[in-house]
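This report describes the complex shown below, with attention to confidence, the fold of one chain and the contact between chains.

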Amino acid sequence: MTVIESSTSLDAGVMKKSSRIQVSRGMKTMIAALVVLFLFCKIFVPDSTSKGAVLGMLPFAAVLAIIALGQTLVIQQGGIDLSVAGSVSLAVVYVTRLPQQHDSQLWKAVLVALGSAVVVGVINGILISRIGINAIVATLGVSSLEYAVIMAISQGSPRRTTNLLNHIAANLTLGIPNSAIFAVLATIMVTLFLKRSVSGRRFEAVGANSHAGFAAGLKVKRHQISAYICAQILYCLAGILLAGILTQPTAYQGDSLVFPSVTVVVLGGTSLLGGRGFPAASAVAALFLQQLNQMVLTLNVPFGVRTLVTAIALLVGIALYTIRWELVRERFSALNSRRSVGAAHV
Amino acid sequence: MTRINSRVLKVASGLGIASMLFASTISTAATSAAAAAPSWCGPKKITMALTDGFGGNSWRLVTTASAQAEAAKCPSVKKLYYADGQGNTSKAISDIKSFVAKGVNAMVVFPDAGKAILPALRAAYKAGVVTVPYRVFPGGVAGKDYTAFIGTPFAQAGQNWANWALKALPKGGNVLFLSGPAGNSQGTDEAAGFWGVLKNHPEFKPIGVQPFEVTNWDPALAQQVLTADIAANPKIDLILSDFGPTLVGALTAAQKTGWKIPAIAASDGNVLGCFWKSMQSVDAFPMMTVSTQNDHARLAIDYAVAKATGGKLPGTVYPSLPFEDSISGKPKPVQCASNLPGDVYLSAQLSGAAQAALGKK
């Protein structure tokens, strides 16, 4: 009885606080960074903000944003999901390989892909939350298993996207790429779930402090497992869109998305140690990172420099949120005053 | 809520497993190759092996099947083993070693990892196995480290593109070249071959990163690179690509924004040919392709078998040949088998239908 009471009071507290619209520090930072980046591009690399460049960049930003939503859910529960590579690739293979370019078969392939995503999410969640295997090891292992399935289904060669999927993912609606509309809808749904629903608030409470959540009577492990399942469904959606955008994808399309997915979550202000999650900020960070890449591509810099951009973005993200800048400032001012005292002695 | 959670979990995983069962509609199909012993097939009975550094894409699938079909033409080849290094250099090395231990007489190797494979090749050669690396140069010397290297002059593909460009674009123009990973020797040689032919034609100008734009042969990266290049260069007159099929997504996306597709010189692929055909009524553009060279593996097999069985030795260089030309129609007009998948290569000897059946295995 006491457990139920404390759980109710926890919910009430959290809900009361969330009834105000709060903009996280990560969101403010990312919006500011995005505005600065676009202004910089507009002035110094105007080609990268032309209509064609932006329309070309948005679908990839959308895919990364949807993956980032999933990664945010996992990271805020103190985990990390490296099975992005296998999961996105698997979704791509399902929705191209199974329909064999027949539009009428597409919905079945999408169902199979979603079902498979749920299974992978359950496996990840059980391995990590119930059995206690390290998240990095478990998700890497699961990703390898997914690649085994990919090879079994496709022998490494997916088929051409069906025309219907290409239209759904790559066409424009009112001048906006459909994939971007999907990303915005997914971001709104995940944010509303986390910030406005009772179960979403419980999910956040478990992420913020699993011990406190447990003490409050919340099913900690179940929430953690559900994070991995929801993440997989989002990766699956991203994979389906990517298959539609690319027309003739490869079987390894998710490989290059693992590192950026973690980078944008960190840039959005969600701590790698878990805690509160900021899915909308992660999505904005995905747009920021993709535009940054587009700018670097337009500048014609050597490939080596291009690959450094994501790495530097991750470092900056970690530095922004983990270094306590006021302490650094204090140290510096203390050092300076000591120096000036020393100089006075000499 | 927690009870609902657990129910949702159970239902969700049940649904997932059920729909996974949907997936397995895998059928098998076998390829066959008829045989009347060719000149490279000698009388001595042998067993041989074929090893790949990485076998997991449609191009490799067709190439491996081509090699197997070629070996099947020679009745003296009693057995052909195959191993896929799966992109793992140490597995590729151990595959070679295990075939030597198995006692094969000859071995054809796709040494993706280049010089890292050389010690294993040398060990096989010293153990008396006819060792024939092909396509990727592994360093070393033929007759000392391995029996022979069956190469292809990638520069020739560049020369073929350049000769066509002179006809297709008599006034010259801006040329963008998309190739694979940074510094890959194929792209470097192709660029050298292309600009070698055009060295006295200043009307052709390279644009983008030199010697080529890096795409890792990944369609997603190719699309992003092309988007950036179109933004930075309002005038692109010719796009070169040494893996034509990766261009299709990028061209489709760019064309949707109102951009006009320029002349294309690439390697062949059914998806590219069909894309060209589909654009005829929308935004026609001239196109030429060179063969994507799945049959390079056949020459490597011929050489290894000839050496091991006592047959007539073929040459050691596989040429780069033009395949399609939308302007002259020679050697062939642009090909499209719309009933076959996009990742079929119609320049290969293996029929398109046989290639499509391979992918269903």
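## Model and confidence

pLDDT is the predictor's confidence in each residue, from 0 to 100. This is a predicted model, in which local features need pLDDT of at least 70 and side-chain atom pairs count only at pLDDT 80 or more, while totals for chains, interfaces and linings use all residues. Residues are numbered from 1 along each chain as its sequence is written, and chains are lettered from A in the order in which they are written.

The predictor assigns the complex an ipTM of 0.81 and a pTM of 0.82. For chain B the mean pLDDT is 88, with 89% of its residues at 70 or more. Over residues 1–5 of chain B, pLDDT stays under 50, and the model has seven contacts there beyond four places in sequence (C-beta atoms, placed from the backbone, within 7 Å). Residues 15–35 of chain B also stay under 50, with 38 such contacts.

## Organisation of chain B

Chain B contains eleven helices and eleven strands (DSSP runs: H or I of at least four residues, and E of at least two, numbered from the N terminus). An automatic or database assignment divides chain B into domain 1 (46–152 + 294–319) and domain 2 (154–290). Their C-alpha centres lie 32 Å apart.

## Contact between the chains

Chain A gives 47 residues to the contact and chain B gives 48 residues. Elements giving two or more residues on the side of chain A include α3 (51–76), α5 (106–130) and α11 (220–246). The largest share, eight residues, comes from α5(A).

Key:
Contact = placed C-beta atoms within 7 Å.
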